[in-house]
Amino acid sequence: MEAYIGVTDPLVVVGSEGPYLVDADGRRYLDANGSWWVSTLGHRHPRLVKALVEQAGTLAHVSLAGVTHEPAARLAAELVALAPGAGKEGVPGGERLSRVFYVDNGSTAVEVAIKMAAQYWAQNGRPRRTRFITLSGAFHGETLGATSVGGVPAFRDVFGPLLFDVVHVPSPSEEGGWERAFAEVERALKAFPDEVAGVIVEPVVQGAAGMQVYAPAFVRAVREATRAVDTFLIADEVFTGLGRTGARFACELGGVVPDLLCLAKALSGGLMPFAATLATERVFSGFLGGRERALYYGHSYCGNPLGAAVAREVLAVYRDEDVLGQVARKAPRVKAAFERMAERVPGVVRPRALGMVGAVDLGGGGYLAGGGWRVYEAARRRGLYLRPLGDTVYISPALNIPEDALEALLSGVEESLREAAAG
Ligand SMILES: *Cc1c(COP(=O)(O)O)cnc(C)c1O
C-alpha cells in the first residue's frame, strides 16, 4: 500500500462518454477495459441514462418482500428467454434456466449460487455434498464464499483459515491443454463421488487470471461429467456474459446449459450495481416444501427497480444496435492486432483474443518483464486508460466502440508496448 500510495498519481476523472473518460484537465482517455469490464455499451449510453432517469421518476427502490414490480418481473422473463438453452429442443437433459434470483454484484451472484447448490443437496438427500471443484487462477469475487472458490493465491492465501475446502484443478488454459485439466476434474468427481456439490467455471476465458482463453470443449466435457454423476455446473459469466466473447453467453460456445448462471457487470452497463443468478427449474423446486426449505438470502438492493430498468434497456440496446453483430465484425481486427504486437515487439509473447478481448504477456524477458506499470504510464501519455493485470496487457473495451476509436486503441497499445520495451 505504501509503495502504491507513494507512486500513484491518480487520474482525476470528471466525465465519461462512449469509449472515453475525461480528466479534470479536459483530456480524453480511451477506456481500454470499459472500467473494469462493466461499460460494454460505452459510458452513459443515452438510452440507458434515459431509462434510469425515467425509472427514478416513478419508483427508485422497494424490497422484493411480498412485493413485485414491473422492471424486475419483465427483466426476469427477458433473461429467461435469452438464457443458454432457452427455447431449444433436445438440450441434453432437457434443462433450461427458467428462474432468476436478483443480487447486486458479481460476487454475490456467485455467493448465492454456492449457497443454492449447497442447500439444495443438504435438503434433497445428499447432505455430504459440500465440496466445490474449481480451477486454478479462477476469480469469482470478493466475498468469503467467492474467495473460497477462487484460485488466485494472492487473493485467498491470507484468508486460508476462514475459507471452506475446495478441490483445485489445473486451469484448462495451462500447458497440457484442456484435456489434462478435465482429467483432474474427472478424478476429483471419482475421488469424492458423494461430496461434490458442484463444479464452478468461468467459461472459455478466465478474466482476472490474465485473460486466459481456453477451449470450449472443456466446458462441454465438464457439463457431461457433472451430468453423469448428477451434480451441478455453475457458470460464472460475470465477465464473459452478454457478448464479450462473441457469443451472448460463453456457455453457448461449448453448447452447454449450466444449472446455475451468474451475471453482473455488463448486465447494467456501468450505471448501477445490479446482478442476477439464473437457475434451472430443478434447482428451484429443491426449495419447495416446508418453511425450513426456503432460501433465506437477500440483500437490501435485490431487484432494485433502477438497476432492473437499466438492465432491461441494456438488453434492448443489444437487440436494436445488433451488438453481437458488431462484435463479430470487430473481433478479427482485435485478434490480428494482438498477433502483430507479439510478432513485432520484442519481449511480447502469447497473443490471444476472443470476441472483444485481446491480450499479450510481457513474458519474453528483457526490459519488458515486470513492465506492466511502464506500459500503463506509456499508454496514459497517449490518452489510453490501460490497466495491465500483472504482466498481461489486455483490452476489453465497450463492445460498440466505433471503428476509428478501436483502431486508435489498438495502435496505442502497440506504441505503448514499444515505448516500454525500449526501456
Ligand atoms: C468481476 C468478477 C466477479 C465479481 O464481480 P463484482 O461485481 O466485482 O463483485 C466475479 N466473477 C468474475 C468472473 C468476475 O470477472
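Mentor: Residues are numbered from 1 along each chain as its sequence is written, and side-chain values use heavy atoms, with hydrogens and water left out. In this predicted model, local features need pLDDT of at least 70 and side-chain atom pairs count only at pLDDT 80 or more, whereas totals for chains, interfaces and linings use all residues.

Trainee: Which domains does the domain assignment give, and what distance separates their centres?

Mentor: The bounds come from an automatic or database domain assignment. Domain 1 covers 2-31 + 322-421, and domain 2 covers 53-320. Taken over C-alpha atoms, the centres of domain 1 and domain 2 are separated by 28 Å.

Trainee: How much area do domain 1 and domain 2 bury between them?

Mentor: Contact means heavy atoms within 4.5 Å, and 16 residues of domain 1 are in contact with 21 residues of domain 2. Buried area is the accessible area (1.4 Å probe) that two parts lose on being put together, summed over both. Carbon and sulfur atoms hold 66% of the area buried between domain 1 and domain 2, which is about 1,400 Å².

Trainee: Which residues of domain 1 lose the most area to domain 2?

Mentor: Three residues together account for 37% of what the domain 1 side buries. They are Leu324, Leu354 and Val357.

Trainee: How many salt bridges does the rule find across the interface of domain 1 and domain 2?

Mentor: A salt bridge requires a side-chain nitrogen of Lys or Arg within 4 Å of a carboxyl oxygen of Asp or Glu. Across the interface of domain 1 and domain 2, the number found by this rule is zero.

Trainee: Is serine 268 buried or exposed, and what is its relative accessible area?

Mentor: Serine 268 is placed in the loop between strand E11 (260-263) and strand E12 (275-280); strands are DSSP runs (E, at least two residues), numbered from the N terminus. Not counting residues up to four places away in sequence, serine 268 touches Phe274, Val310 and Val314. Buried means under 20% relative accessible area, exposed over 50%, and partly exposed in between (1.4 Å probe, protein chains only). Serine 268 is therefore buried, with a relative accessible area of 2%.

Methods: Helix = DSSP H or I, 4+ residues; strand = E, 2+ residues; numbered from the N terminus.
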